[in-house]
Amino acid sequence: MNAVNVPPWQAIYDELGVTVPPLDDRPLGYFVEEHAAARPDAIALQYFDRAISYRELNEQANRLANGLLSLGVKRGDVVGIHLPNIPQYPIALVACAKLDCAGSGVSPLMAPNEIAHQVADAGISVLLSLDDLVDSALARMKEVPACLRHVIVASAADYTAGPAPREFKLAWGETHPYAGLTEKASAVYHQQAVDPEDTMMVQYTGGTTGRPKGAELSIRTLMYNPLQTAAYAAWDIGNEVVATAFPLFHAAGLAFAIASLRFGGRLLLIPNARDVEHFCRQMQRFPPTRLAAVPSLYQ
């Protein structure tokens, strides 16, 4: 390699014995399908007491992918994911990957005008939102972007024994209950062929120098990141338990979720990072092999 092309971190890699892994552009849906076939009963998602296997994750992602197709979503479209860390979030990540459409994490903490800005800026056509946020946020948007055609309303109880979700109506667009949309959709769908440079996620910055800006992250970028972590701390495929309270709409939470699913791990879903007692209880029940948090949470 010409010295001009040697990256500045290569000397540190050499010192630590880290070998840069080759590119692997296979999309997320490919790995979920692979795990569902090879280890169908292995747990992919742990949400309170609810364990979702790779077989079920794959089937639920297929149902959501078919549901999105019925709403007109196609390759290259953008689906907004306006949820806390509940099962529908990683299910949506896999569904979008299978369709080769982009996802965009929308923070549940944003005000109605901030949501409208991101929807318009990213060109979100379908928004997967939480029932508690429909009235408090979506119904209060003063200017609804023309690109937004459908809202899928999920409930934190969709995958638990909670009460049946209530119906919602918005004056400006069609709403669809998540459970109803997925239950009537086919559980069969296969990962579509992709270009590794296709956009996998449109993630938004914190807006410290103005309004938040959408960073288009390619399939190659996001699927190579787990391999980079494996270069210095190899993953034990099928035997990892991943714990993090980072929200999935945040780049760190997204990266850990993708890595866990890519390597067949059990991802602990922590919907409220401030509920430290619940987080600790889940880690006691399912001891993590990988843990990611900020210093304040460790303290």
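This is a predicted model: local features need pLDDT of at least 70, side-chain atom pairs count only at pLDDT 80 or more; totals for chains, interfaces and linings use all residues.
The cores come first. The largest nonpolar core has 57 residues, and Leu28, Leu57 and Ile152 touch the most other members. Helix α4 gives the most to this core, with 9 residues. Leaving aside residues up to four places away in sequence, leucine 57 touches Val32, Ala44, Leu45, Ile52, Ile91, Val94 and Leu261. There is also a second, separate core of 21 residues, which includes Ile115, Leu148, Val151 and Val153. As a general point, nonpolar side chains in soluble globular proteins tend to be buried together.

Just after α5, glycine 123 takes a positive phi of about 75°.

Helix α5 also takes part in a pocket. It gives the most to the lining of the second largest pocket, with 3 residues. This pocket has a volume of about 180 Å³. Its lining consists of Gly105, Ser107, Met110, Glu114, His117, Gln118, Tyr204, Thr205, Gly206, Pro212, Phe249 and His250. By class, these residues are 4 nonpolar, 7 polar and 1 charged.

The largest pocket has a volume of about 330 Å³. It is lined by Pro84, Asn85, Pro108, Leu109, Ala245, Pro247, Phe249, Ile270, Pro271, Asn272, Ala273 and Arg274. Here the division is 9 nonpolar, 2 polar and 1 charged.

About 40 Å³ of space lies in the largest cavity. Its lining residues are Pro27, Cys96, Ala97, Asp100, Cys101, Thr199, Met200 and Ile219. The elements that give two or more residues to this lining are α4 (88-99) and β8 (199-204). The lining divides into 6 nonpolar, 1 polar and 1 charged residues.

The salt bridges remain. A search of the whole structure finds 12 of them. In one, the closest N and O atoms of arginine 50 and glutamate 56 are 2.7 Å apart. Arginine 50 is partly exposed, because its relative accessible area of 26% falls between the 20% and 50% limits. Glutamate 56 has 19% relative accessibility and so counts as buried, the limit being under 20%. In the salt bridge of aspartate 77 with lysine 74, the closest N and O atoms are 3.5 Å apart. Aspartate 77 is buried at 14% relative accessibility, whereas lysine 74 is exposed at 52%.

Glutamate 240 forms a salt bridge with arginine 290, with 3.5 Å between the closest N and O atoms. Glutamate 240 lies in the loop between α8 (219-232) and β10 (241-244) and arginine 290 in strand β12 (residues 290-292), so this pair ties together parts that are 50 residues apart in sequence. Both glutamate 240 and arginine 290 are buried. Finally, a network of salt bridges links Asp24, Arg26 and Arg262.

How values were computed:
Residues are numbered from 1 along each chain as its sequence is written. Side-chain values use heavy atoms; hydrogens and water are left out. On a 1 Å grid over the protein atoms alone, a cavity is a set of points where a 1.4 Å probe fits but cannot get out, and a pocket is an open set with protein on both sides within 12 Å along at least five of seven lines; lining residues have an atom within 4 Å of a point. Grid points are joined across faces, edges and corners, and a volume is the space filled by probe spheres set on the points. Helices (H or I, at least four residues) and strands (E, at least two) are DSSP runs, numbered from the N terminus. Ala, Val, Leu, Ile, Met, Phe, Trp, Tyr, Cys and Pro count as nonpolar, Asp, Glu, Lys and Arg as charged, and the others, Gly among them, as polar. A salt bridge is a side-chain nitrogen of Lys or Arg within 4 Å of a carboxyl oxygen of Asp or Glu. Buried means under 20% relative accessible area, exposed over 50%, partly exposed in between (1.4 Å probe, protein chains only). A nonpolar core is a set of buried Ala, Val, Leu, Ile, Met, Phe, Trp, Tyr and Cys residues joined through side-chain atoms within 4.5 Å. Contact means heavy atoms within 4.5 Å.
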